[in-house]
Amino acid sequence: MIELYEHLMPGDPIAVFSAIHAILTGVGAEEGYHYESLGNTAVVKVVKRYIADHRGIFEDPKRRAMLVEILQLFSEVGWTDALRLLYDLPDLLR
């Protein structure tokens with residue numbers, strides 16, 4: 001599902017990001033999606049693409065907090081790629 005949203009991203013990046021956040025922190029978290037290695041790979045890929053192509057949407061503090069919440073969810077499980085992105089986030093969003 002995350003990969004499907006990735007394809008929809010160019011049409012409305014803000015709405016797609018909000019939907020991704022809702023899925024990952026809602027039902028996804030309840031069902032343990034953040035424990036899946038394929039889930040981690042998909043999320044890290046989407047986040048990197050957002051930072052590369054749509055960095056401006058994270059100027060909004062609420063959206064930036066949503067991004068941090070997603071990365072924390074995956075990094076707390078021990079996924080190093082998510083943890084690395086979380087720590088590099090201030091530099092990446094400049």
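Reader: Leaving aside neighbours within four places in sequence, what is Met66 in contact with?
Author: Met66 is in contact with Phe17, Ser18 and His21. Keep in mind that this is a predicted model.

Reader: Which helix is Met66 in?
Author: Met66 sits in helix α5.

Reader: And is Met66 buried or exposed?
Author: Met66 counts as buried, because its relative accessibility is 11% and the cut-off for buried is under 20%.

Reader: How far apart are the C-alpha atoms of Met66 and His21?
Author: They are separated by 6.6 Å. Along the chain, the two residues are 45 apart.

Reader: OK, zoom out. At what angle do the axes of α2 and α5 cross?
Author: Roughly 35 degrees. The axes come within 10 Å. Helix α2 covers residues 13–25, and helix α5 covers residues 61–75.

Reader: Left-handed or right-handed crossing?
Author: α2 passes α5 in a left-handed crossing.

Reader: Which residues meet there?
Author: From α2, they are Ile14, Phe17, Ser18, His21, Leu24 and Thr25. From α5, they are Arg63, Met66, Leu67, Glu69, Ile70, Leu73 and Phe74.

Reader: How many of the residues in that contact are nonpolar, polar and charged?
Author: The contact of α2 with α5 has eight nonpolar residues, three polar and two charged.

Reader: New topic. Where does α6 bend?
Author: α6 bends at Leu86, by about 35 degrees. A proline, Pro90, follows within four residues.

Reader: How many residues does α6 have, and what does it reach end to end?
Author: Helix α6 has 13 residues, 80–92. From first C-alpha to last, α6 reaches 17 Å, close to the 18 Å expected.

Reader: Which residues of α6 are buried?
Author: Ala82, Leu85, Leu86 and Leu89. These buried residues pack against α4 (37–53) and α5.

Reader: Last one. Where is Asn40, and is Asn40 buried or exposed?
Author: Asn40 is in helix α4. Asn40 is buried, with a relative accessible area of 3%. Leaving aside neighbours within four places in sequence, Asn40 is in contact with Phe74, Trp79, Asp81 and Ala82. Ala82 is one of the buried residues of α6.

Key
Residues are numbered from 1 along each chain as its sequence is written. This is a predicted model: local features need pLDDT of at least 70, side-chain atom pairs count only at pLDDT 80 or more; totals for chains, interfaces and linings use all residues. Side-chain values use heavy atoms; hydrogens and water are left out. Axes are lines fitted to C-alpha atoms, for helices over the stretch in contact, and angles run from 0 to 180 degrees between N-to-C directions. Helices (H or I, at least four residues) and strands (E, at least two) are DSSP runs, numbered from the N terminus. A crossing is left-handed if the near helix is turned anticlockwise from the far one by less than a right angle, and right-handed if clockwise. Contact means heavy atoms within 4.5 Å. Ala, Val, Leu, Ile, Met, Phe, Trp, Tyr, Cys and Pro count as nonpolar, Asp, Glu, Lys and Arg as charged, and the others, Gly among them, as polar. The expected span of a helix is 1.5 Å times one less than its number of residues. The bend at a residue is the angle between axes fitted to the seven residues ending there and the seven starting there. Buried means under 20% relative accessible area, exposed over 50%, partly exposed in between (1.4 Å probe, protein chains only).
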